[in-house]
Amino acid sequence: MVVLREGMCPGLDEDLVRDLRAADIKTVEDVVSSDIEELAQRCSVSYKALFAIRRVLLAQHTAFPVSGADLYEELLSSTAILSTGNPSLDKLLDSGLYTGEITELSGGPGSGKSQVCFGVAVHISYHLKQSVIFIDTTGGLTASRLLQMLQAETSNTEEQVSVGGGSVKAVIVDSVSAVISPLLGGKQNEGMSLMIQVAGVLKTMAKDFNVAALVTNHVTRSGSGELQPGLGVSWSHIPRTRILLERVERATPVSHSSMRSATLIKSSRQPCHIKEEFDLQWGSRSKEASSGKRKLDETDSG
Amino acid sequence: MQRSVSSLSLSPSVKMKLVNAGFQFTADLLHLKPLQLSKEASLTQQEALEVLQTVRREGGGGDEGGGGGGAAAAAASASLTALELLQKEEEMKSIVTFSSQLDAALGGGLPVGKTTEICGAPGVGKTQLCLQLAVDVQVPQCFGGVGGQVVYIDTEGSFLLQRVVDIAAAAVQHCSLLVEDDEQRVAMETFTVETILSNMFLVRCHDYVELLAEVHLLPDFLSEHPRVRLLVIDSVAFPFRQHFDDLSQRTRLLNGLAQQLIAMATGHGIAVAMTNQMTTRLSGGGQSQLVPALGESWGHAPTIRLLLHWAGSRRMAAIFKSPDHRGATVQYQITSEGFRDAGQSEQPPSKRPRTQSVEPAGSQRDASR
């Protein structure tokens, strides 16, 4: 239901809009679905002008079908797969973050969502030489941590300064639930629609600009006591791929292991519920230290 | 991207009339006068005025805004590059806790511009740490402190003035022993117990409504008092754990409170410290675990989480969640001077009995051979 306004297309001026409105034609649908000849007679407007306007309005407001082959060609040429820098996560994501899609990372407090986001940002800007837009809603973005991760990749300060520079390839939102969950529930009716609107903006942006969108979400406990991502069932349809991060439970409750386990809970490319364990320190260590024992020694000295 | 009319906070009948008249997005409404709108959408003058006010207030800023996405943003936040953020961070200092081990683990102390939560069982020292921080934030800058004022919101009634005087006196004495040059000597003249007490703004809240109202009014207060560098809420759990029938409402209020605190921390450049209580969670196999209170979603609210707990007879502080520091556990103690490192006064006496007990056993074994 789009209201007719002057200037919407060439030839649609104020007088014409007024005449049409007098004939009870208010919206684009009315123009397109009515008989042009009869309308021209009723409003005493030229048939040719109305026909041209109708054509332009149709072109502006219709969706045109695309053949599958063309769509596939377009996808092949425009989609990029951005590695996250963490081989375990890449395995879960089928080799990385896909542009044009929303990927969601959920987990409890301290499970490492922000750390993974920092790692992805540093990896994309340093190794892939592309720019990243990081939207932080929790106050957890610390540039010194990004610097630490960057320094683990290269100790050359010149290289550190010259990262990025390409076009924006990734948009990371940490976290999307911190600003949306206060709006949901209770007597607030517009919270759900705002959430779906944010989702729509992210999806359109990812598709139109060919960027990969990575969002983080908090977790809640379901009735049976197990962890599930927050924001409810309506949000669960928005991201294409969802990963749940958890701390690996060791003996004492206050242990400081940096091991995390990632479970794939929704994916259109891989079987679900496959799990990978990884070490959060991958972002701040060089690639050589891979044995578990050496890591323990380094935590004492680091 | 435009914002749809159905997401505005208006009454359903008004929204229906707007949609029926063909208005889909707020952009369509921006350029209309109230008279035009009331005619086209068959609304009363009053309703049309209300609609336009809502649109201008919520939608107008968002369409042109900066880094906030599609939804409403009163002041569109400017985007920074990571390099600019790093430079800004290096100017922000941390508030020392006077326990050098904890400060080392936190990277200098409690960071300014972030929210920190201190959880622990009763009696482990949360209020003591808060009182220590309230004094430490006032240490002059030439001694490595922040030199700011503090707003202390007390919900439990655990703020003891005499204890603050003791901690303040100990801090003043500690700094006066460190005086090396003239600048520090001049600073010491303004760093006395009286000035420390006069730089603390104490608020007493009796229930959650008062707490929420106080936090709501704080930004204005902070704009009038730009020297405030620390906000302490002791405790945030106490008012929210009483008489709450609707737990989902509690979660919503807490999430909103968390966002307001984060906005204050980053917008006004203050550190926020909150204390939380512990509760028992029963997991599947009948095992119970001590976890911080206020639920799972509150765990995401503070940026840094400190867990104070007992290990036998020792007090331990664990960093449970932090964006830029690894998790670590350090030991601390509470003395008459306040929150300090464990150890200097304790270790020598404990060593002597241990060696005494080892020797007789050793000599006995020798004797038996």
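**Entry 1: charged pairs in chain A**

I began with A:Glu101, which has 8% relative accessibility and therefore counts as buried, where buried means under 20% relative accessible area, exposed means over 50% and partly exposed lies in between (1.4 Å probe, protein chains only). I note for all entries that this is a predicted model, in which local features need pLDDT of at least 70 and side-chain atom pairs count only at pLDDT 80 or more, while totals for chains, interfaces and linings use all residues. Residues are numbered from 1 along each chain as its sequence is written, chains are lettered from A and ligands numbered from 1 in the order in which they are written, and side-chain values use heavy atoms, with hydrogens and water left out.

I then looked up the partner of A:Glu101 and found a salt bridge with A:Arg269, whose closest N and O atoms are 2.6 Å apart; the term stands for a side-chain nitrogen of Lys or Arg within 4 Å of a carboxyl oxygen of Asp or Glu. This pair links distant parts of the chain, 168 residues apart, with A:Arg269 in the loop between β10 (259-266) and β11 of chain A and A:Glu101 in the loop between β2 (97-98) and β3 of chain A. Helices (H or I, at least four residues) and strands (E, at least two) are DSSP runs, numbered from the N terminus. A:Arg269 is partly exposed, at a relative accessible area of 32%, and a network of salt bridges links A:Glu101, A:Arg240 and A:Arg269.

I next followed A:Arg242 and A:Glu104, whose side chains meet in a salt bridge of 2.9 Å, N to O.

A:Lys91 is exposed, with a relative accessible area of 54%, whereas A:Glu276 is buried at 19%. Searching the whole structure, I find 6 salt bridges over all chains.

**Entry 2**

β3(A) runs parallel to β6(A) and is joined to it by 5 bridges, two strands being paired if DSSP finds at least two bridges between them; A:Thr103 has A:Leu214 as its bridge partner in β6(A). β5(A) also pairs with β6(A) in the parallel sense, over 4 bridges, and A:Ala170 has A:Ala212 as its partner there.

I checked the length of helix α11 (residues 191-209) of chain A: its 19 residues should span 27 Å at 1.5 Å a residue, and its end C-alpha atoms are 27 Å apart, which agrees. The expected span is 1.5 Å times one less than the number of residues. Among the buried residues of α11(A) are A:Leu194, A:Val201 and A:Leu202. A:Asn210 follows α11(A) and has a positive phi, near 55°.

In chain B I looked at strand β4 (residues 149-154), of which 6 of 6 residues are buried. β4(B) runs parallel to strand β6 (residues 228-234) of chain B, with 6 bridges joining them, and B:Val151 has B:Leu231 as its bridge partner. β4(B) is also joined by 5 bridges to strand β5 (residues 200-204) of chain B, again in parallel, with B:Tyr152 partnered by B:Leu202.

Turning to the contact between the chains, I find 49 residues of chain B in contact with 52 residues of chain A, contact meaning heavy atoms within 4.5 Å. Between chain B and chain A the count is 0 salt bridges.
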